[in-house]
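Hi everyone, thanks for coming. Let me put the structure up on the screen, and then I'll talk you through it.

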Amino acid sequence: MRKKLSVLLMLAAAIPLLAARQSKENFQEQPSIVGTWRLLAVYSWTDKDKKDLNQQAYGPHPKGFITYTADGRMIVIETYDNRKPLSVNDLVKAPAEERAAAYASVITYAGTYTLKGDTVIHHQEVQPSPGRNPLGNDQVRVVTFQGTDRVSLRTPPVSTRCFGSV
Amino acid sequence: MSSSGVFLECRMAANPRRPPVLTALAMMLAAMLLHAEIGTAQTQKPSLVGTWRLVSVTAKLDRGGVMDDAYGPHPHGLLTYTANGRVAGLEAHDGRKPLSSGDRESAPLEERAEAFSQFLSYAGSYKVAGSKLTHHIEASSLENDVNTSFIHKFRFQGPDRLILTTPPLVRNGVRQVQVKTWERVK
């Protein structure tokens with residue numbers, strides 16, 4: 001039996017600028033993904049009726065930003081709520097348990113993106129660990145705008161148990 | 001078997017309401033500043049705005065000495081500055097191993113710990129003043145850096161090469177500054 005997990009990220013435009021605002025007025029029907037978005041919430045569920053909906057998949061106050069540039073680049077970082085600073089402020093010397101926990105609570109990658117219908121495909125170029133993602137280097141997200149300054153990105157269902165030995 | 005759907009409802013986290021007069025004043029001021037900036041220096045200096053790929057990292061140690069290839073001979077990294085003052089970067093060492101099994105939560109502890117030591121990811125805002133470039137970190141793989149400002153020195157080599165010098169930091173117990181060379185992604 002495989003459980004499938006969907007994750008929905010809610011993002012809001014970070015610090016909308018005058019210039020962005022003005023140009024948006026002309027294109028109100030076609031909100032643009034270009035810009036920087038702040039993570040608001042992460043929902044996850046495995047049940048098709050969302051009976052097990054978790055509205056705080058990364059905790060109540062996750063942090064995160066995703067940036068899409070006009071020339072096709074993207075970069076994202078998401079961190080769980082309530083991460084603790086390392087007791088030793090050193091990426092290498094901090095205790096292994098703390099580093100492992102910190103590793104488990106960050107999602108990040110950078111690369112390029114392409115828009116296709118209502119989906120955006122992230123083509124990862126840099127990730128924390130090579131081959132970390134079992135789904136490969138392309139990440140597909142269903143994009144849903146709510147107005148011009150809020151967007152949700154839905155992952156495809158991924159099995160929580162599909163990670164095999166490399 | 002199961003499938004998925006969309007669930008949409010969330011609270012607005014940004015944009016506290018301001019009196020319209022203040023907003024109008026702020027917009028006028030912003031417009032004037034934008035105008036002034038376009039009118040002056042912008043043409044002769046290369047711009048940070050865009051995406052940069054990491055070429056090399058050199059560590060200058062406090063105790064003396066230089067460590068070339070502090071991230072290995074072929075480091076990985078991408079750094080993006082936007083025109084409206086946002087920055088995000090992801091830097092990783094050369095020669096990292098894939099996790100032997102599991103994912104970021106379930107891989108063996110030692111492997112996760114090692115993997116964590118070999119990359120840094122951050123996002124926030126930035127400001128330029130002369131040769132100083134300040135990153136204000138709002139999210140980071142290194143939680144200690146969150147809500148902290150880092151003043152880098154920066155210079156360009158031609159329009160497409162950027163050299164950033166970090167403020168002092170401690171890596172593997174050694175106090176150092178890191179000089180990072182970036183090349184513009186075209």
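First, what we are looking at is a predicted model, in which local features need pLDDT of at least 70, side-chain atom pairs count only at pLDDT 80 or more, and totals for chains, interfaces and linings use all residues. Residues are numbered from 1 along each chain as its sequence is written, while chains are lettered from A and ligands numbered from 1 in the order in which they are written.

How does the model score? It gets ipTM 0.82 and pTM 0.81. Please be careful with two stretches of that chain. Over residues 1-18 of chain B the pLDDT stays under 50, and the model has 32 contacts there beyond four places in sequence; by contact I mean two residues whose C-beta atoms, placed from the backbone, lie within 7 Å. Residues 37-42 of chain B are also below 50, with one contact in the model beyond near neighbours in sequence.

Now to chain A. Two helices and nine strands make up its elements, where helices (H or I, at least four residues) and strands (E, at least two) are DSSP runs, numbered from the N terminus. Starting at the N terminus, the order is β-α-β-β-β-α-β-β-β-β-β. Chain A has 166 residues, and 41% of them count as buried. That label needs 20 or more other C-beta atoms within 10 Å of a residue's own; 12 or fewer makes a residue exposed, anything in between partly exposed, and the C-beta atoms are placed from the backbone. Of the contacts in chain A with a separation of 6 or more, 51% come from residues 24 or more positions apart.

Let me pick out one residue, Tyr58(A), which sits in the loop between strand 2 (35-45) and strand 3 (63-68) of chain A. Is Tyr58(A) buried or exposed? Tyr58(A) counts as buried because it has 24 C-beta neighbours inside 10 Å. Beyond the neighbours within four places in sequence, the contacts of Tyr58(A) are Val42(A), Glu78(A), Tyr80(A) and Asp81(A).

On to chain B. Here we have two helices and ten strands, in the sequence order α-β-β-β-β-α-β-β-β-β-β-β. This chain has 186 residues, with 30% of them buried. Among its contacts between residues at least 6 apart in sequence, 36% join residues at least 24 apart.

Which strands does strand 1 (residues 50-61) of chain B pair with? Pairing here takes at least two bridges found by DSSP. Strand 1 is antiparallel to strand 10 (residues 174-184) of chain B, with nine bridges, and Thr58(B) has Val179(B) as its bridge partner there. Strand 1 also pairs with strand 3 (residues 76-81) of chain B, antiparallel over four bridges, with Thr51(B) opposite Thr80(B). Two bridges tie strand 1 to strand 2 (residues 66-67) of chain B, again antiparallel. In the hairpin of strands 1 and 2 of chain B, four residues lie between the strands, and Gly64(B) takes a positive phi near 105°.

A second run of pairings follows. Strand 5 (residues 119-129) and strand 6 (residues 132-140) of chain B are antiparallel over eight bridges, with Lys127(B) opposite Thr134(B). Their hairpin has two residues between the strands, and Gly130(B) in the turn has a positive phi of about 65°. Strand 6 of chain B is then joined by five bridges to strand 7 (residues 149-156) of chain B, running antiparallel, and His135(B) stands opposite Phe150(B).

Finally, the two helices. The axes of helix 2 (residues 96-104) of chain A and helix 2 (residues 109-117) of chain B come within 7 Å and cross at roughly 75°; axes are lines fitted to C-alpha atoms, for helices over the stretch in contact, and angles run from 0 to 180 degrees between N-to-C directions. So helix 2 of chain A is roughly perpendicular to helix 2 of chain B, a label for 65 to 115 degrees, with under 35 roughly parallel, over 145 roughly antiparallel and the rest oblique. Residues making the contact include Ala100(A) and Tyr103(A) from chain A, and Ala113(B) and Phe116(B) from chain B. The buried residues of helix 2 of chain B, among them Ala113(B) and Phe116(B), pack against helix 2 of chain A.

Terms used. pLDDT = per-residue confidence, 0-100.
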